[in-house]
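Please examine the sequence and the structure shown below. The paragraphs that follow lead through selected features of both chains.

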Amino acid sequence: MSILVFAESSEGKFKKVALEVTSYGKKLAETLQTNLVVVTAFTENTEVLSKYGAEKILIGNSDALKTSDASIWADFIAAAAQKENADIIIIDASANGAFVAPLVAAKLQAGFTSNVVDLPVSTSPFIVKRNAFSTKAFNNTEIKTAKKVIGLAKNSFGLFENPVQSTVEDFSPELKAGKIKRTSIDKTTDEVTIADAEIIVAGGRGLKSGDNWGMIEDLAEVLGAAKACSKPVSDLGWRPHSEHVGQTGKQAAVNLYFAIGISGAIQHLAGVNASKVKVVINTDEEAPFFKAAEYGIVGDAFEIVPKLVEKLKAFKAENG
Amino acid sequence: MKILVCISSVPDTTSKINFTDNNTKFDTDGIQFVINPHDEYSLTRAMWFKEKQGASLTVVSVGNQSVESTLRKALAIGADDAIRVNAEATDGYFVAQQLAEVVKNGNYDLVIAGRESIDYNGGMVPGMLSSLLDYNFVNAVTGIEISDNKASLTREIDGGKEVLETVLPLVVGSQKGIVKETELRIPNMRGIMMARKKPLNVVEPISVEPTTEVKSFEKPEVKSACKIVESVDELIDLLHNEAKVI
Ligand SMILES: Cc1cc2nc3c(=O)[nH]c(=O)nc-3n(C[C@H](O)[C@H](O)[C@H](O)COP(=O)(O)OP(=O)(O)OC[C@H]3O[C@@H](n4cnc5c(N)ncnc54)[C@H](O)[C@@H]3O)c2cc1C
Ligand SMILES: Nc1ncnc2c1ncn2[C@@H]1O[C@H](COP(=O)(O)O)[C@@H](O)[C@H]1O
């Protein structure tokens, strides 16, 4: 038996989530005294996978994989699992990871748990801890089947270097043609996205208008952060839906989360609580967000945020 | 076109989450159950296909009798009929198997489920369902248009969106954005009266071995009190030296 990790490459490179699943896979392989195999496609830059512990690397190159049809990717990953006799398959929680993971599980008739936040609580029976109730709680779930698919929650496990010598193989199983065609794509290129972010700067209705987002952008820029917003802000059209975080929006599990002019309604907190350090800036000292945050400033965002941007620029200049 | 919207009945979004029986059961005491928000958006979008394109619209939920009030609400919003699969929804794979049976028996060509339920957060039912049915599948959908048997879908990706084309039969994992917030419908008195007369068919489950089982629950650790700081200098200092995040 072995452990298989699917590491998604993007323009030939690996994002942090891919290295996080690799780190997780390696630790799990050590616990179970087995090998880690990483399957990926369209890349030659595999050194970084070796650095995080991939003993064997399978690289797909077939044209059939140039598709937005996740079921073809699921066939590819399932074929790798079969070839390597992998009992545990680990997939990240990126948009594509979340798309493909349940399909892999169904194809392999494997038990699947998403949102897993740590190494198994126990390996026999196999029990993992996962987020539930939109991060208001965890549940410990047993996977009962011989084959198991684990969806790893973003930014929950961390990165652990574990350099090994890897064997690299071309892996091109027979694949069907996809039935889903992409007609257009619209991707912000030079900005940090919520999916990749370590830091998020979020603004709420307290900012009064979408026209006031300049200071949020400035703060995000100096911190190298992604921008986010509360639900009403996206409903009002001040910001795009893709920036909405919370129970009905994206999950924000980052190292540092700034909530500016956000009251901290339970539905908002539900999606951002898993962030490690939360900072709140709010005029109302009774705002519920203060109960959920690590640090807070009571005051007017329109005064504080520009000052913060200025001081952070100076701080960055000094500390690199 | 025959549309099936899958409805998960979940605790209202303001619910405080507690557990009983030595942290092995969700405490439903005082909890109000509602249509999973993503499913409510799906249902609203499906109503458009019903009203503008003459589609039929069925809603389905896998659950015990308690989910019937949630299904009645979906009927009051405008679904034609409802199906309840009479079983505890113990596991996403189990639910997907039950739903697959319903889809096969009803020959639905468009099945809309939510990207995830806000209680279990599995994000697994729509994908697994598509696999079991061998239907096309697109996840994280924020826009859908259908003409004849062609579907054009907007899908959210990390840091952007893409437009995809495929054909029916199709399973969609849909999410907020698929309709505008202002398009959501609050059932009116007439809708509620009519819902009482609409069919709500109860079917028995097929037998499926569970693949996973929730053993226990935990709540996050209670965090220490928030440090209120007076100046941005102090904040930067704490973030750098104490929290070590910048
Ligand atoms: C089914 C459902 C799902 C939901 N899902 C989500 C979700 O996923 N995400 C989400 O965010 N919400 C969600 N909500 C909405 C949620 O209940 C709140 O309405 C929302 O989070 C409030 O947004 P807000 O904090 O930006 O606005 P408000 O509650 O209006 O808060 C604005 C805050 O700004 C402060 N403020 C005002 N002026 C200033 C100033 N000059 N400087 C600093 N602070 C100032 C005020 O004191 C106040 O605390 C959901 C609601 C429902 C019913
Ligand atoms: N018990 C259920 N009955 C019907 N549909 C369900 C049920 N549970 C989940 N679903 C559907 O699957 C979606 C995703 O749920 P989940 O995989 O549990 O996160 C939900 O938004 C529903 O559309």
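N155(A) lies in the loop between β11 and β12 (167-170) of chain A, where helices (H or I, at least four residues) and strands (E, at least two) are DSSP runs, numbered from the N terminus. Although N155(A) is not a glycine, its phi is positive, at about 55°. With 9% relative accessibility, N155(A) counts as buried; buried means under 20% relative accessible area, exposed over 50%, and partly exposed in between (1.4 Å probe, protein chains only). The model is predicted: local features need pLDDT of at least 70, side-chain atom pairs count only at pLDDT 80 or more, and totals for chains, interfaces and linings use all residues. Residues are numbered from 1 along each chain as its sequence is written, chains are lettered from A and ligands numbered from 1 in the order in which they are written, and side-chain values use heavy atoms, with hydrogens and water left out.

N23(B), which is not a glycine, has a phi of about 60°. This residue is found in the loop between β3 (19-20) and β4 of chain B. At 37% relative accessibility, N23(B) counts as partly exposed.

Strand β11 of chain A, which spans residues 148-152, is the next element to consider. Five of its five residues are buried, so the strand is largely enclosed by the rest of the structure. The cover extends to both faces: K148(A), I150(A) and L152(A) are buried on one side, and V149(A) and G151(A) on the other. Which strands pair with β11(A) in the parallel sense? One is strand β6 (residues 86-92) of chain A, which pairs with β11(A) over five bridges; two strands pair if DSSP finds at least two bridges between them. In this pairing, I91(A) has G151(A) of β11(A) as its bridge partner. Strand β7 (residues 111-116) of chain A also pairs with β11(A) in the parallel sense, over four bridges. Here G111(A) has K148(A) as its bridge partner in β11(A).

K148(A) also takes part in a contact with a ring, for it lies over the face of F126(A), at 5.2 Å from the ring centre. A charge sits over a ring if NZ of Lys or CZ of Arg is within 6 Å of the ring centre and within 35 degrees of the ring normal. K27(A) lies over the face of F160(A), at 3.8 Å from the ring centre.

The aromatic rings can be considered together. A pair of aromatic rings is described by the distance of the centres and the angle of the planes. Over all chains, a search of the whole structure finds 14 aromatic pairs; rings of Phe, Tyr and Trp (its six-membered ring) pair if their centres lie within 6.5 Å, and planes under 30 degrees apart count as stacked, over 60 as edge-to-face and the rest as tilted. The ring centres of W73(A) and F76(A) are 5.9 Å apart and their planes stand at 90°, so this pair is edge-to-face. Both residues lie in helix α3 (residues 70-83) of chain A, three residues apart, about one turn of the helix. W73(A) and F76(A) are both buried. The rings of F157(A) and F160(A) have centres 5.3 Å apart and planes at 65°, so they too form an edge-to-face pair. F157(A) is buried, with a relative accessible area of 12%, whereas F160(A) is partly exposed, with 34%. One aromatic cluster is formed by F6(A), W73(A), F76(A) and F171(A).

In chain A, the bond from S124(A) to P125(A) is cis, with omega near 0°. P125(A) is found in the loop between β8 (122-123) and β9 (126-132) of chain A. In chain B, L168(B) and P169(B) are joined by a cis peptide bond, with omega about 0°. P169(B) lies in the loop between β11 (160-167) and β12 (170-174) of chain B.

G114(B) is buried, with a relative accessible area of 9%. How far apart are G114(B) and C6(B) in sequence and in space? They are 108 residues apart in sequence and 7.5 Å apart in space, C-alpha to C-alpha.
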